[in-house]
Amino acid sequence: MSKKKGLSADEKRSRMTEFFYEKKDFFQLKDLEKLCPKEKGITAMSVKDVVQSLVDDGIVDSDKIGTSIYFWAFPSKASQNRKRKLDELENKLKELEAKKQQLVATVEKSKEGKEDTDEREEVLEELSKRQQEKKQILEELEKYKECDPEVLEQMKLETEQAREAANRWTDNIFSTKSWIKNKFSFEESVINQQFGIPSDFDYVE
């Protein structure tokens with residue numbers, strides 16, 4: 001028979017977080033090393049590292065009282081932290097969308113067929129930068145789909161709103177390409193090359 005596969009680091013973190021949320025109490029490290037192997041299948045040797053990683057990420061709180069260090073985490077704080085983080089990401093995404101719309105408007109006004117200018121290069125560089133930032137924010141939003149039930153539905157709604165917003169500026173890019181093709185009779189591949197648009201550029205599913 002094959003040897004049973006151990007828990008991954010993410011699984012250990014998830015189970016440790018569940019332990020705190022279920023117990024709603026304060027624990028010393030020695031208590032966790034005794035209880036977690038039995039209740040959550042986390043080996044005693046790895047408990048310290050798992051708890052410390054959660055403390056470093058602000059998921060678990062810790063404090064020294066006298067000569068002892070206590071650890072705790074409550075679902076209410078987790079929900080508040082996730083909601084605050086989502087609000088920050090949504091606000092940043094809105095700022096990026098507004099900036100990108102301005103950049104797209106600038107591109108629409110630019111004329112094809114003339115020599116590249118410093119201003120045009122700056123616009124394209126800025127557009128690329130904002131696209132990358134948007135991608136990173138959407139990836140970070142994706143992480144928060146695995147939150148506790150209290151905020152899961154709200155996060156799904158906000159993620160959908162972010163997807164719709166992303167597709168709105170994608171509409172603007174396609175409209176710009178269509179305008180250029182109709183105005184100057186350029187091939188789509190030429191437009192993509194001129195503005196650094198990937199050939200597989202498409203809507204977010």
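The largest nonpolar core has 16 residues, and Met 16, Phe 20 and Leu 32 touch the most other members. Helix H1 (9-23), helix H2 (29-40) and helix H3 (44-56) each supply at least two residues of this core. H3 gives the most, with 5 residues. The model is predicted. Its protein chain averages a pLDDT of 80, and 83% of the residues score at least 70.

**Cores**

- Phe 20 touches Phe 27, Leu 32, Val 60, Phe 71, Trp 72 and Ala 73, leaving aside residues up to four places away in sequence.
- Another core lies apart from the largest one. This other core has 14 residues, including Leu 103, Leu 127, Ala 166 and Phe 195.

- Leu 32, Cys 36 and Lys 40 are buried in H2. They lie on the same side of H2, because they cover an arc of only 20 degrees around the axis.
- Lys 30, Lys 34 and Lys 38 are exposed on the other side of H2.
- The cover over the buried residues of H2 includes H1, S1, H3 and S3.
- Gly 41 follows H2 and has a positive phi, near 70 degrees.

**Strands**

- Strand S2 (residues 61-65) pairs with S3 in the antiparallel sense over 5 bridges.
- Two partners can be named here: Asp 63 has Tyr 70 in S3 as its bridge partner, and Lys 64 has Ile 69 in S3.
- S2 and S3 form a hairpin with 2 residues between them. Gly 66 sits in the turn, with a positive phi of about 70 degrees.
- Strand S1 (residues 27-28) also pairs with strand S3 (residues 68-72), in the antiparallel sense over 2 bridges. Gln 28 stands opposite Tyr 70 in S3.

**Salt bridges**

- The count comes to 5 salt bridges.
- Asp 57 forms one with Arg 13, with the closest N and O atoms 2.8 Å apart. The pair links distant parts of the chain, 44 residues apart: Asp 57 is in the loop between H3 and S2, and Arg 13 is in helix H1. Asp 57 is partly exposed, at a relative accessible area of 49%.
- Lys 40 and Glu 18 meet through their side chains in a salt bridge (3.5 Å, N to O). Lys 40 is in helix H2 and Glu 18 in helix H1, 22 residues apart.
- Buried or partly exposed: which applies to Lys 40? Lys 40 counts as buried, at 11% relative accessibility. Glu 18 counts as partly exposed, at 36% relative accessibility.
- Glu 18, Glu 22 and Lys 40 are linked in a network of salt bridges.
- Glu 39 and Lys 23 also meet in a salt bridge (3.1 Å, N to O). Glu 39 lies in helix H2 and Lys 23 in helix H1, so the pair ties together parts 16 residues apart in sequence. Glu 39 is partly exposed, with a relative accessible area of 34%. Lys 23 counts as partly exposed too, at 35% relative accessibility.

**Confidence**

- S1 has the highest mean pLDDT among the elements of the protein chain, at 94.
- Helix H6 (residues 149-184) has the lowest, at 73.
- Where pLDDT is low, the predicted coordinates should not be read in detail.

Methods
Residues numbered from 1 in each chain as written. Heavy atoms only, no water. Pairing = 2+ DSSP bridges. Helix = DSSP H or I, 4+ residues; strand = E, 2+ residues; numbered from the N terminus. pLDDT = per-residue confidence, 0-100. Core = buried A, V, L, I, M, F, W, Y, C linked by side-chain atoms within 4.5 Å. Buried < 20%, exposed > 50% of the residue type's maximum accessible area, 1.4 Å probe, protein only. Contact = heavy atoms within 4.5 Å. Arc of directions from axis to C-beta. Salt bridge = Lys/Arg side-chain N within 4 Å of Asp/Glu carboxyl O.
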